[in-house]
Amino acid sequence: MTTLVEKKQRETHQNDQVIIIGGGAAGIFCSLQLGLMGIKSRVLEMNSKLGKKIIVSGGGNCNFTNLEVNEKNFQSENTKFTISSLRKYSSQDFIKFLESNGFQYYEKKLGQLFCKNKSKSLLELLLNECRKVGVEFRLNTEVKSVLLTDENKYLLTTETEQFETSTLVIASGGLSFPGIGVSDIGYKVGKTFGHKIVQPEASLVPFVLSEDKKKIWDVELSGVALPVEISCNKKIFEDDLLFTHKGLSGPAILKISLYWNKGDDVTINYLPNIQFEKLILDKKKREGKTLVSSFMNTYLPKKLTKRIFEVLLINSEKKVGDLSNTDIKELVDLLHRNVITPSKTEGFKKAEVTRGGVSVTNISSKTLESSNQKNLYFIGEVLDVTGWLGGYNFQWAWSSAYSASQAIVDKINYDYE
Ligand SMILES: Cc1cc2nc3c(=O)[nH]c(=O)nc-3n(C[C@H](O)[C@H](O)[C@H](O)COP(=O)(O)OP(=O)(O)OC[C@H]3O[C@@H](n4cnc5c(N)ncnc54)[C@H](O)[C@@H]3O)c2cc1C
């Protein structure tokens, strides 16, 4: 049956520019790099504005890279996949590009670089540079399908138009933050050309916990934050944890969520750099009359201490000297090895990224070209490459876009000679 959409007359564009689906970080940067090497491209973007995720990122100041980026900062079925692109275009290269344009930034912590002014300043810089090299941006243009023609060209269809090209770059991102416009076109194209799709999951995302008298999390703790060490599936991070009214958030949780699968336990050490057992035994020996609560409040937020007493059924008026060996053992266990099992995450709505995506198995790590299908490239978050929290995901967007653009230009020049 022919649908109404199919019946509409579509204008067809056949001038064989490189076409990039997605005007986010990866798509914009790829078009800029192509332009700098004299290749015109056309970016098709479904939203009415480009780079919406750049704008909302990093709390409005975009954490655009990290001083130290290597393959260990990424999760993928192939943990070595990012090496080549990160070597070709490193975080230092991106920093040089910004500095050469007088861009102002600062390091927050752990090598994370943020825009000194709003994220918009970074987007504006990128778009200005794109304009100089003649990139064509088409807004409000959602690609609905991609097919291969008999002449081995890609035929892209939107509501009202069709575009034909010999070289297609998929930079359509993942499924997180659906509120600002996302689609699964990248996964559809991947499937069409025989690529496996690694199950997309919400990642860098808060956990939801269920209330339980025997567990530490409680809605009353909402807003309490403290530095912790957190581990799951042999990955360990040290960063801040935030109790929320639904469960747990904060950078420590977002980071560990990349390695968490439904049903997995997560272990929290609330006093990562302290040997609590030694301290409390010492206190018991020397100043046994001190209230356990006062002693613990020197290391932990008061609300958390209160909750720990409720869970362990310890009287808040108890003195350190009156703690039994069992009390001490339970306290030490809870403070250093609190095992939680999140019931779920807060999902794509709250996730910063999508873990999984187009499998890298049949994608060249050097060129980002599909090995199933000539002149088809996948870059950025649409791939099964997910970075830690801390600027790594944008660096992947810049690096993968750069690799693909170089490969496209090399091929075009080779064909021309
Ligand atoms: C709230 C938030 C904060 C973040 N903060 C940071 C941070 O500080 N540092 C960091 O490194 N990472 C951060 N990230 C992650 C980072 O934004 C992404 O990893 C990065 O934007 C991925 O770039 P991309 O170009 O691959 O995808 P996107 O930026 O998602 O771009 C994809 C583009 O494709 C378009 N598109 C999709 N489907 C179609 C279609 N069918 N037709 C046409 N266009 C289409 C989309 O509208 C979008 O513009 C954050 C993410 C979120 C949601």
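Among the helices, α13 (392-416) contributes the most to the shell around the ligand, giving four residues, where helices (H or I, at least four residues) and strands (E, at least two) are DSSP runs numbered from the N terminus. This is a predicted model, in which local features need pLDDT of at least 70 and side-chain atom pairs count only at pLDDT 80 or more, while totals for chains, interfaces and linings use all residues. Residues are numbered from 1 along each chain as its sequence is written.

The shell holds 38 residues, of which the closest to the ligand are Gly22, Gly24, Ser57, Gly173 and Gly380; a residue counts as near if its C-beta atom, placed from the backbone, lies within 6 Å. At least two shell residues come from each of α2 (25-36), α3 (52-56) and α13. Sorted by class, the shell has 16 nonpolar, 16 polar and six charged residues, where Ala, Val, Leu, Ile, Met, Phe, Trp, Tyr, Cys and Pro count as nonpolar, Asp, Glu, Lys and Arg as charged, and the others, Gly among them, as polar.

Helix α2 also packs against α6 (residues 119-132), at an angle of about 35° and with the axes 9 Å apart; axes are lines fitted to C-alpha atoms, for helices over the stretch in contact, and angles run from 0 to 180 degrees between N-to-C directions. In this contact, Ile28, Phe29, Ser31, Leu32 and Gly35 of α2 meet Leu126, Glu129 and Cys130 of α6, with residues in contact if their C-beta atoms, placed from the backbone, lie within 7 Å. The contact of α2 with α6 is made up of five nonpolar residues, two polar and one charged.

An open sheet is formed by five strands in the order β8-β3-β2-β12-β22, with parallel pairing; two strands pair if DSSP finds at least two bridges between them. Its edge strands, β8 and β22, each pair on one side only, and the twist from one strand to the next averages 20°. Strands β12 and β22 pair in the parallel sense over three bridges, and Ile170 stands opposite Phe378 in β22. Helix α2 packs on this sheet as well, touching β2, β3 and β12, and its direction makes about 170° with that of β3.

| β8 | 136-138 |
| β22 | 376-378 |

The chain is divided into domain 1 (13-201 + 350-411) and domain 2 (207-345), with bounds that come from an automatic or database domain assignment. The C-alpha centres of these two domains lie 40 Å apart, and their contact takes six residues from domain 1 and four residues from domain 2.

Conventions. Two residues are in contact if their C-beta atoms, placed from the backbone, lie within 7 Å.
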